[in-house]
Amino acid sequence: MSTRLLPMGFLRCCVYYGILAVVSFFIGRLLPKSWFHSDKFPYRCASWEAKLFRFLRVHEWQDKVPDMSKIVPKLIPAKKLGTNFRAQLPRMIEETCVAEFTHFVLILLGFYALRLWPGTGGAVVTAIYILFGNLPFLIIQRYNRPRLQKLSHHGICTRYFSEY
């Protein structure tokens, strides 16, 4: 009889996801931004996405999820636009593409945990990791990018971030 409090599969999944987080963070910082084009597939948002974002009420919960720029502010630029926001917009738009790519790759790699912990436990951990640890952040990037592009293309907007 085992006296362990947590199944070994759970611990393997946690270690795997932790390693993925650290490695993906550094790879995301090092990837050339020139590889990402917000106006081309897969980063260009489809017209139907605006309705999906309204249905999901992204504007209500996006500020309630953890933000890496608040956790490690010296390594990640804050997502706030300052007084020189026009100059910051192209970089912020690029960053949304990089973050989207990173979370998409993490979703795909997240399925490997099913091999680390086969069965119901592994499926539950994988679902939590994907549905709460990555998908919301991918959605937020896709939600914010068109709004930033609109600001960039139309100059200073009086309504700043009008509802998308």
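Angles under 35 degrees count as roughly parallel, those over 145 as roughly antiparallel, 65 to 115 as roughly perpendicular, and the rest as oblique. The structure is a predicted model, in which local features need pLDDT of at least 70 and side-chain atom pairs count only at pLDDT 80 or more, while totals for chains, interfaces and linings use all residues. Residues are numbered from 1 along each chain as its sequence is written, and side-chain values use heavy atoms, with hydrogens and water left out.

**View 1. Overall make-up of the protein chain.** The protein chain holds eight helices and zero strands, where helices (H or I, at least four residues) and strands (E, at least two) are DSSP runs numbered from the N terminus. Of its 164 residues, 37% are buried, that is, under 20% relative accessible area with a 1.4 Å probe and protein chains only (exposed is over 50%, partly exposed in between). Among contacts in the protein chain with a separation of 6 or more, 76% join residues 24 or more positions apart; contact means heavy atoms within 4.5 Å.

**View 2. Helix H1 and its surroundings.** H1 has 23 residues and spans 33 Å from its first C-alpha to its last, close to the 33 Å expected at 1.5 Å a residue; the expected span is 1.5 Å times one less than the number of residues. Buried positions in H1 are Gly 9, Cys 13, Tyr 16, Tyr 17, Leu 20, Ser 24, Phe 25 and Gly 28. Their cover includes helix H4 (68–71), H5, helix H6 (113–116) and helix H7 (120–133).

**View 3. Packing of H1 against H5.** The axes of H1 (residues 8–30) and H5 (residues 85–110) come within 10 Å and cross at roughly 150°; axes are lines fitted to C-alpha atoms, for helices over the stretch in contact, and angles run from 0 to 180 degrees between N-to-C directions. H1 and H5 are therefore roughly antiparallel to each other. From H1, Tyr 16, Tyr 17, Leu 20, Ser 24, Gly 28 and Arg 29 meet Arg 91, Glu 95, Val 98, Thr 102, Leu 106, Leu 109 and Gly 110 of H5. By class, this contact of H1 with H5 comprises six nonpolar, four polar and three charged residues (Ala, Val, Leu, Ile, Met, Phe, Trp, Tyr, Cys and Pro count as nonpolar, Asp, Glu, Lys and Arg as charged, and the others, Gly among them, as polar).

View 4. Val 98 lies in helix H5 and counts as buried because its relative accessibility is 4%. Leaving aside residues up to four places away in sequence, Val 98 touches Gly 28, Lys 33 and Phe 36. Val 98 and Ile 27 are 71 residues apart in sequence and 9.8 Å apart in space, C-alpha to C-alpha.
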